[in-house]
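Hi,

Here is the structure I promised to pass on. Have a look at it first, and my notes follow below.

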Amino acid sequence: MDQRTTQDLLATAQRHMTPNYAPPPFVAHRGRGSILWDLDGREYLDFTSGIGVNALGHAHPEVQRAIAEQATRLCHTSNLFYHQGYIELCERLCQLSFGEQVYLCNSGTEAVEGAFKLARRYFYDRGERRRVEFVSTHESFHGRTMGAIAATGQPKYQEGFAPLMPGVRHVSYGDLDELTRAIGAETAAVILEPIQGNAGVNVPPPGYLRAVRDLCTRTGALLIFDEVQTGIGRTGRWFAHQHDDVTPDLLTVAKAIGGGLPLGALVTTRAIGAALQPGLHASTFGGNPVACAAGLAVLRVIEREGLLDNAKIMGDYFAGRLRELGPERVVEVRHRGLMVGITTKLDGKAAVARCRELGLLTNLGGTQGLRFLPPLNVSRAELDRAIDVAAKALAPE
Ligand SMILES: *Cc1c(COP(=O)(O)O)cnc(C)c1O
């Protein structure tokens, strides 16, 4: 690529990119671990991790090597042929979870669509043809395709896109009574994030996931845990629901699983997975060899370097230090592992901008808050550096 100036690129972006994103005025150029550099050499501490995708930070050497090696051998087969990476990644995800079978796709929203289709088809095959509906939660986020926005419990993502997929009800996250009333003989599945991410790290009340599991089992509805954001070590376990010792029937995974390449997974049991007979569901790119090689490297490094423990230890440390900033800066801290949300006195967008100006990249979490998703191998020194920035950025005017 010819090197162009930031100014030239930003002007071209204004002209030729659809305006659905509103990024800050710099061009990302290079990264290493928790650090991102822009085209002009300015350094940022990146606590967005590409929305939780870069679990090992930027440019992890083992992931780079896996990608490069695979790219020299085989980049794409489509689903017409087996390749080793697909098979091994399915095997690994089953070893790390309740799962017995896995379907690979390219993104979180595709994993969610796959879960909806599989849930409906499962009941169709059993002759329970009324079970076609879904129950989801307010403030949830499940992706941007037509089925996924119907499940997403935030009107701002749905407005102007009607008609949405019919048959979705929403209940308050954490409210068992409402959920009990919403589930019926027509419910195919309940879909839940074990911790709501996009909404700003909403941790449910203790016992909620267990009670939802029991409710689904009692009523015959399937349970889908959407762990696109919480999965792959983010909360200090491979999957967030493992803290509560409950298992879903379907599990959606994406973001961190691909080491930065597009990859998603739908994990389920053999009894349910059996409903996906040949030809019923597919993706041309899904489980691409290069993405699978990256994914296997990510899982290997997390395990070998003990990053689940690091996520827990560093997450607790970071949350503690954020609390120490005091109520005039940080009103509330919610976290599990390195999934950390805070409510600030400032408006969220203003807080994100002020952190960025001082060299810390964060994400909006809800309207009055920030979401921090540092890499799982983040160091204490990097967390301290982020705290110094937050102390200044969030100070009352
Ligand atoms: C990001 C996210 C999605 C959508 O994933 P994409 O890869 O952007 O399609 C779905 N569910 C949850 C919980 C997410 O955080």
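Before the rest, some housekeeping. This is a predicted model, where local features need pLDDT of at least 70 and side-chain atom pairs count only at pLDDT 80 or more, while totals for chains, interfaces and linings use all residues. Residues are numbered from 1 along each chain as its sequence is written, and side-chain values use heavy atoms, with hydrogens and water left out.

Salt bridges

I count a salt bridge when a side-chain nitrogen of Lys or Arg is within 4 Å of a carboxyl oxygen of Asp or Glu. That rule gives 19 of them. Glu 332 has one with Arg 334, at 2.6 Å from N to O, and Arg 334 is buried at 16% relative accessibility. Glu 186 pairs with Arg 169, with 3.5 Å between the closest N and O atoms. Glu 186 is buried at 19%, whereas Arg 169 is partly exposed at 35%.

Sheets

Helices (H or I, at least four residues) and strands (E, at least two) are DSSP runs numbered from the N terminus, and two strands pair if DSSP finds at least two bridges between them. Within it, E12 (residues 339-344) and E15 (residues 369-372) share four bridges, and Gly 341 has Arg 371 as its bridge partner in E15.

Another open sheet has the order E1-E2-E3-E13, and its pairing is mixed.

Cores

A nonpolar core here is a set of buried Ala, Val, Leu, Ile, Met, Phe, Trp, Tyr and Cys residues joined through side-chain atoms within 4.5 Å. The largest has 82 residues, and Leu 93 and Ile 232 have the most contacts inside it. Helix H10 (residues 289-304) gives the most to this core, ten residues. A second, separate core has 25 residues, among them Phe 123 and Ala 148.

Cheers

Definitions and conventions:
Buried means under 20% relative accessible area, exposed over 50%, partly exposed in between (1.4 Å probe, protein chains only).
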